[in-house]
Structures are given as structure tokens and as C-alpha cells.
Amino acid sequence: MTAKSELLVAALTRLLRSYIDLTLTSSHLTGALITEVVHLPGDQRRTIRRLQHDYVGEWVQLLTTETPDLTEPEARVITQAVLAIVNDLARIQHLRRRPHLNNDLAALGQAVLTSPRPATP
């Protein structure tokens, strides 16, 4: 692994850990954002959606730089899958009592981010 690749992997890991920490400490706010953004007035809704799109874009940029054969749409699906896993599992009350949920979520996220891609026909 090159130094650049190691830096990209470290940045992606920090981004994942940061999102997990934010979501676990503010799961009620994350849940509200996910479910209630559609009820905001148009300008506010568009602003939130643009911010979300930009945030996902940061992940996509790191993923496509680290894995050049990964297309932007593929990286976007992978990113959305990781965010959905964290968002959904962090909001399940009995799972929140797990002593190492943050590490479990990080392992799941890393598995999705680094899983081998099926060959395209």
C-alpha cells in the first residue's frame, strides 16, 4: 500500500468513525433529519438536501480516489449503504445498549467500504 493510499484509507476511517460518533451521540437528531426533512419549507429542504449531497460527495471522492476502478455511481451506492447501516442500527434501542456498538458499526462500515466488487459483464 502506498503512502497516499494509506492516507486515503485513514481519512475514510476517520470519516466513518466521526459519523458513527455523531450518530450514536445524537441519534434522535439524526432520526429527525432523516424522517422530517421532507416537511421543511422548500428552501430549507433544498439547503439540507444540498448539504447532504455535498457530504456524501466527500465520501465518494475518497472512495473513487482510493479505488480508481470504482465509478462515481457505485461509490455513491456504497456510501449510502454505509450511512444507512449506521443510521438504522444506531436508532434501535436494544442495540444501543451494546457496549461496543461503535466498534461493531465501524467493522460493518469498513466491510462494506472495502468489500470486493463483483466483476461487471
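Predicted model: local features only at pLDDT ≥ 70, side-chain atom pairs only at ≥ 80, totals over all residues.
# Pockets, core and rings: a short tour

S5 is buried, with a relative accessible area of 14%, because buried means under 20%. Computed along the chain, S5 and V60 are 55 residues apart, while their C-alpha atoms are 15 Å apart in space. From here we can look at the pockets, the nonpolar core and the aromatic rings.

**The largest pocket**

- Rolling a probe the size of a water molecule over the atoms shows where empty space is left.
- The largest pocket has a volume of about 550 Å³.
- Its lining is made of 21 residues, and the closest to the pocket centre are Y19, L33, I34, Q52 and N87.
- Which helices supply at least two residues each to this lining? They are α1 (3-25), α2 (27-36), α3 (42-66) and α4 (72-90).
- Helix α3 provides the largest share of the lining, with 7 residues.
- Sorted by class, the lining of the largest pocket holds 12 nonpolar, 7 polar and 2 charged residues.

**The second largest pocket**

- The second largest pocket has a volume of about 150 Å³.
- Residues that line the second largest pocket include V9, L12 and T13, along with L63, E66 and T67.
- Also in this lining are Q110, L113, T114, S115 and R117.
- Helices α1, α3 and α6 (101-114) each contribute at least two residues to the lining of the second largest pocket.

**The nonpolar core**

- In soluble globular proteins, nonpolar side chains tend to be buried together.
- In this model the largest nonpolar core has 24 residues, and L16, I20, W59, L63 and L113 touch the most other members.
- The elements giving two or more residues to this core are α1, α3, α4 and α6.
- Helix α1 gives the most to the core, with 8 residues.
- What does L16 touch, leaving aside residues up to four places away in sequence? The contacts of L16 are W59, V82, V86, A106, G109, Q110 and L113.

**The aromatic rings**

- How many aromatic pairs does a search of the whole structure find? The search finds 2.
- One is formed by Y19 and Y55: their ring centres are 5.9 Å apart and their planes meet at 35°, so the pair is tilted.
- Y19 belongs to helix α1 and Y55 to helix α3, so this pair ties together parts that are 36 residues apart in sequence.
- Y55 also pairs with W59, and this pair is edge-to-face, with 6.2 Å from centre to centre and 70° between the planes.
- Y55 and W59 are both in helix α3, 4 residues apart, which is about one turn of the helix.
- Together, ring pairs link Y19, Y55 and W59 into a cluster.

- Is Y19 buried or exposed? Y19 counts as buried, because its relative accessibility is 12% and the cut-off is under 20%.
- Y55 is partly exposed, with a relative accessible area of 28%.
- W59 counts as buried, at 0% relative accessibility.

Technical notes
Residues numbered from 1 in each chain as written. Heavy atoms only, no water. 1 Å grid on protein atoms, 1.4 Å probe; cavity = no way out; pocket = protein on both sides within 12 Å on 5 of 7 lines; lining within 4 Å. Points joined across faces, edges and corners; volume = space filled by probe spheres on them. Nonpolar A, V, L, I, M, F, W, Y, C, P; charged D, E, K, R; others polar. Core = buried A, V, L, I, M, F, W, Y, C linked by side-chain atoms within 4.5 Å. Buried < 20%, exposed > 50% of the residue type's maximum accessible area, 1.4 Å probe, protein only. Contact = heavy atoms within 4.5 Å. Phe/Tyr/Trp six-rings, centres within 6.5 Å; stacked < 30°, edge-to-face > 60°.
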